[in-house]
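Please open the model in a viewer and keep the selection panel at hand.

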Number of protein chains: 2
Amino acid sequence: MSRAEGKRVAILATDGFEQSELESPKSAIENAGGEAFVVSPNTDRIQANKHREHGDTFAVDVHLSEADPDDYHALLIPGGLFNPDALRINEEALKFAASFFDHKKPVFSICHGPQVLISADLVRGRKVTGFKAIQRDLENAGAVVRDEAVIVDDGLVTSRNPDDLDAFNEKLLEELCEGRHEGQDKSVAA
Amino acid sequence: MSRAEGKRVAILATDGFEQSELESPKSAIENAGGEAFVVSPNTDRIQANKHREHGDTFAVDVHLSEADPDDYHALLIPGGLFNPDALRINEEALKFAASFFDHKKPVFSICHGPQVLISADLVRGRKVTGFKAIQRDLENAGAVVRDEAVIVDDGLVTSRNPDDLDAFNEKLLEELCEGRHEGQDKSVAA
């Protein structure tokens, strides 16, 4: 299967991401012929969590300060508690995420990952879901929240938790391969 | 020093609370002659975090399902990431917290602890602070947020992180010893 061939996805993450929420979509993208790159404010490696326990470490492919959103077709922000908690107070991370929205590129986020989108004020008026504990925060940020396994809204794909990964990966691949939505492209000169 | 003599504080917490944010205020209350009781949806013991690492375990004094807010003069909700994340989706925990507000009793919360107050819709119109990452969520929930070491608003004492504990404990003891605010008591028959 190579329907995602030529597609490059940036995975924005730092220490404390939920391991399956990075590993599983990354595999799905690669199995479909695409490429996924870990972009992080950390240099070298980042360490996963498996809920409250530590998980494996993963190589950082591109340091956030050197990452150019124009190099990627889509953005993935996994959850975990510590990962979005750190990213959402990192101005560079918020700008990086915002650039994908500005250019109407697909954005995929699961569990606590959408907290980053709240801090970047990117969910106002959007249909989303997220981990149960942050659904109130998403609503308060102006999102239309539904408690479903996966919500797709114009290229924005969100899910609630690792149990939703199959549905999340399926919709993520659909949106990735579809690319930017017709009639919604802004000026993308790059 | 016994200015808090006879004062009983409920500490609402579960696994993954930030150790210093429970230990330090608990010691401050006890050193001032008061009593502090760990109230938890867990039975037996709860385990702290020290940021991403595990911390010590602490005895649960009262199971949440058996805890009566009328038995306490004030409520403390420590932070940590996993602790409020679990409590804020626990209806019993939200009701327990709300009862202290209903009866105008002092409430103390630090770091990510105020996430519980967001989910219980208890910060609307209140002056608060919290960990930097959740300040946006507090604002979106209708709070007036200030980035200061400690904010006191009519018996509600909030702080940002463990570095603020000295200021937090000082104001917490002031409010605990002051008790309910004159002119703001609702009917407290118990």
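Two strands are said to pair if DSSP finds at least two bridges between them. Helices (H or I, at least four residues) and strands (E, at least two) are DSSP runs, numbered from the N terminus. The model is predicted, with local features needing pLDDT of at least 70, side-chain atom pairs counting only at pLDDT 80 or more, and totals for chains, interfaces and linings using all residues. Residues are numbered from 1 along each chain as its sequence is written, chains are lettered from A and ligands numbered from 1 in the order in which they are written, and side-chain values use heavy atoms, with hydrogens and water left out.

**Stop 1: a hairpin in chain A**

Select residues 45–50 and 53–59 of chain A. These are strands β4(A) and β5(A), which run antiparallel and are joined by five bridges. K50(A) has E53(A) in β5(A) as its bridge partner. Two residues separate the strands of this hairpin, and in the turn H51(A) has a positive phi of about 50 degrees.

**Stop 2: the seven-stranded sheet of chain B**

Move to chain B and display its open sheet of seven strands, ordered β6-β3-β1-β7-β8-β12-β11, with mixed pairing. Its edge strands, each pairing on one side only, are β6 (62–63) and β11 (150–153) of chain B.

Within this sheet, select residues 8–12 and 74–77 of chain B: strands β1 and β7 run parallel there, joined by three bridges. Opposite I11(B) stands L76(B) in β7(B).

Continue to β11(B) and β12(B), which pair in the antiparallel sense over four bridges. D153(B) has L156(B) in β12(B) as its bridge partner. The hairpin of these strands has two residues between them, and D154(B) takes a positive phi near 50 degrees.

**Stop 3: helices across the sheet**

Contact here means heavy atoms within 4.5 Å. Axes are lines fitted to C-alpha atoms, for helices over the stretch in contact, and angles run from 0 to 180 degrees between N-to-C directions.

Select helix α3 (residues 91–102) of chain B, which lies across β1, β3 (35–40), β7, β8 (107–110) and β12 (156–159) of chain B and runs at about 135 degrees to β7(B). Then select helix α6 (residues 165–178) of chain B, lying across β1, β7, β8, β11 and β12 of chain B at about 170 degrees to β8(B).

**Stop 4: the three-stranded sheet of chain B**

Next, display the open sheet of three strands in chain B, ordered β2-β4-β5 with mixed pairing. Its edge strands are β2 (17–18) and β5 of chain B, each pairing on one side only. β2(B) and β4(B) pair in the parallel sense over two bridges, and E18(B) stands opposite N49(B) in β4(B).

**Stop 5: the interface of chains A and B**

Show both chains: 27 residues of chain B are in contact with 27 residues of chain A. Buried area is the accessible area (1.4 Å probe) that two parts lose on being put together, summed over both. Chain B and chain A bury about 2,400 Å² between them, 50% of it on carbon and sulfur atoms. In chain B, select R52(B), L81(B) and F82(B), which lose the most area to chain A, together 31% of what that side buries.

A salt bridge is a side-chain nitrogen of Lys or Arg within 4 Å of a carboxyl oxygen of Asp or Glu. The count between chain B and chain A is two. Select D137(B) and R88(A), which form a salt bridge with the closest N and O atoms 2.9 Å apart. The elements giving two or more residues to the side of chain B that touches chain A are β4 (45–50), β5 (53–59), α2 (82–87), α4 (114–119) and α5 (135–140) of chain B.

**Stop 6: a salt bridge in chain A**

Over all chains, the count comes to 18 salt bridges. Finally, select D147(A) and R160(A), whose side chains meet in a salt bridge (3.4 Å, N to O). D147(A) lies in the loop between β10 (144–145) and β11 (150–153) of chain A and R160(A) in the loop between β12 (156–159) and α6 (165–178) of chain A, so the pair ties together parts that are 13 residues apart in sequence.
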